[in-house]
Amino acid sequence: MANKINIFKHFLVLVSIFAFNTLWAYEPIEKEHNAAEVHEVATTEHGTEHESTGFDAGKMIIEHVADSYGWHLWGHTSLPLPIILKSDKGFDFFMSSKFNHGHDAVQGNYNYRIHEGSIVVFDELTGTVDEEATAKITDISITKNVAAMLFSMLLMLWMFIKVAKLATKNRGKAPSGLQSWIEPLVMFVRDDVAKPSIGKHYERFMPFLLTAFFFIAINNLLGLIPIFPGGANLTGSISVALVLAAFTLVITFVVANKHYWRHVFAMPGVPLPVLIILTPIEILGLFLRPFVLMIRLFANITAGHIIALAFFSLIFIFGEMHAGLGLGVSVLSLVFTVFMGAMELLVAFLQAYVFTLLSAIYFGAAVDEGHDVHHHHDHATDTAHH
Amino acid sequence: MELVKPSIGLIFWMAVSFSIILFLLKKFAWKPILGMIKEREESIESALAAAEKAKEEMKALQSNNERILAEARAERDTLLKEAREIKDKMILEAKTTATKEGERMLAIARENIQNEKMAAITELKNQVATLSIEIAEKILKSELSSDEKQKSLVNTLLKDVNLN
């Protein structure tokens with residue numbers, strides 16, 4: 001009975017979190033609405049008014065899952081972030097607030113403007129994007145995602161160094177505090193990911209596997225928190241997924257032994273004519289594996305965010321037809337979003353696990369020393385012993 | 001920013017900061033944490049092994065104790081038996097000695113009695129002889145007190161002596 005009440009309590013907490021999430025989601029959409037109106041009044045004639053004031057769900061969703069130059073806090077307030085631009089004329093350094101939510105141009109080495117979400121060189125005379133000059137600039141701004149990443153890394157440093165200190169303090173004793181939260185996860189990565197996939201050489205891969213696991217898991221969770229300093233869709237960004245997958249690829253290449261390379265370039269026991277077909281596939285496979293790793297992480301996390309946002313969009317789409325309809329749909333949306341939120345909590349850990357597990361399997365293949373039955377038997381008993 | 005287009009800036013910052021955090025966490029977090037976990041696992045394992053060993057030792061000790069106890073019991077039994085034997089032997093010896101001593105003393109007593117008896121008999125004989133002599137003397141005196149008596153006696157005696 002007490003257990004049931006407890007479960008119910010947790011459910012209520014979950015519902016209230018996502019209800020809060022819903023309330024939060026109203027704000028940017030409202031702002032979006034206003035911005036669109038202002039823009040419309042300023043620039044266009046009455047003929048297209050109806051169309052442009054309509055709620056554009058796609059645009060709203062993409063803007064929420066994509067990176068941005070400022071970190072939206074509430075209403076019309078954003079946290080300004082530094083813009084760093086490298087061009088053939090040198091560096092430009094200014095705060096994102098200078099763009100005034102994309103309304104103003106900024107004069108640096110070039111005349112910059114935010115166009116379709118990215119900084120471009122804008123020719124004010126012709127009112128067009130200067131494609132030639134834009135190609136010359138490299139944008140290494142501290143965007144919302146970079147800031148979120150740095151925040152999450154500071155959080156990780158604080159967390160794990162604290163755990164390490166606790167571990168040193170509790171030497172030979174039972175874990176305490178934060179340590180007892182982290183240790184089971186560390187042991188999970190070690191015993192259920194690294195050891196079975198890599199085998200006896202697992203120890204050298206532990207730092208990367210643990211860092212990747214916690215980086216993905218923590219950022220997935222931070223991505224679920226709608227308010228600052230969460231809310232950035234970092235792990236759902238293809239760039240971040242790309243770097244993580246690239247780390248896996250580079251580590252695999254660095255540690256791979258000659259056995260692994262022989263299996264790639266000249267699979268033992270395969271006749272030459274077949275090798276001509278097989279080897280290119282194997283080489284392609286080398287890059288395909290981390291590529292899939294990247295796509296999986298990016299797609300899973302982004303998809304989750306898109307679905308959750310799509311449910312909110314329904315409220316506004318129906319609300320535009322009739323206010324009462326929107327209110328009715330909002331109840332349904334809320335229920336679906338709570339469900340999605342619970343799913344995403346699971347996915348947050350699941351994707352961290354999958355990424356780490358697949359990386360570990362690739363590392364395991366790279367350091368595997370042979371395929372004969374005897375060796376595998378030894379291996380099995382070896383791992384069973386530890 | 002487009003959704004599926006990787007951005008150079010984010011890739012750059014991610015690569016740099018992930019490398020840094022990987023290095024920092026490896027040095028300051030994972031190494032001590034994994035070390036501690038391993039150490040604890042080893043200490044638990046050794047503690048379990050030690051407990052198992054102690055159990056074995058206990059068992060061995062118990063059987064040893066039982067053996068010692070049994071030995072002690074056996075020794076006690078032998079000791080008791082020996083003591084009983086010694087006691088019996090001593091009693092027997094004492095009895096024999098006592099009997100012998102008694103016999104010896106009896107023999108001495110008997111001898112003494114014999115000697116005393118002999119002495120008494122001798123003295124008695126002596127006194128009887130003295131008395132006999134005194135009586136004979138007194139009789140002779142009375143027999144020979146008058147002439148007639150002396151003459152009758154001589155006659156009597158002479159009568160007995162038939163001149164053969």
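This is a predicted model: local features need pLDDT of at least 70, side-chain atom pairs count only at pLDDT 80 or more; totals for chains, interfaces and linings use all residues.

Trainee: What share of the 164 residues of chain B counts as buried?

Mentor: Look at the box first: the C-alpha atoms fill roughly 205 × 25 × 20 Å along the principal axes. Chain B has two helices and zero strands. To count as buried, a residue needs 20 or more other C-beta atoms within 10 Å of its own. In chain B, the share that makes it is 9%.

Trainee: Over in chain A, which residue is the bridge partner of A:Lys86 in β9(A)?

Mentor: Start with the open sheet, where three antiparallel strands of chain A run in the order β4-β3-β9. The edges are β4 (90-95) and β9 (138-139), each pairing on one side only. Strand β3 (residues 82-87) is joined to β9(A) by two bridges. In β9(A), the partner of A:Lys86 is A:Thr138.

Trainee: And is the crossing of α6(A) and α7(A) left-handed or right-handed?

Mentor: The axes of α6 (residues 179-198) and α7 (residues 206-224) of chain A come within 10 Å and cross at roughly 120°. Residues meeting there include A:Val186 and A:Val189 from α6(A), with A:Leu209 and A:Phe213 from α7(A). By class, that contact has eight nonpolar, no polar and one charged residues. As for the hand of the α6(A)–α7(A) crossing, it's right-handed.

Conventions:
Residues are numbered from 1 along each chain as its sequence is written. Chains are lettered from A and ligands numbered from 1 in the order in which they are written. Two strands pair if DSSP finds at least two bridges between them. Helices (H or I, at least four residues) and strands (E, at least two) are DSSP runs, numbered from the N terminus. Axes are lines fitted to C-alpha atoms, for helices over the stretch in contact, and angles run from 0 to 180 degrees between N-to-C directions. A crossing is left-handed if the near helix is turned anticlockwise from the far one by less than a right angle, and right-handed if clockwise. Two residues are in contact if their C-beta atoms, placed from the backbone, lie within 7 Å. Ala, Val, Leu, Ile, Met, Phe, Trp, Tyr, Cys and Pro count as nonpolar, Asp, Glu, Lys and Arg as charged, and the others, Gly among them, as polar. A residue is buried if 20 or more other C-beta atoms lie within 10 Å of its own, exposed if 12 or fewer, and partly exposed in between; C-beta atoms are placed from the backbone.
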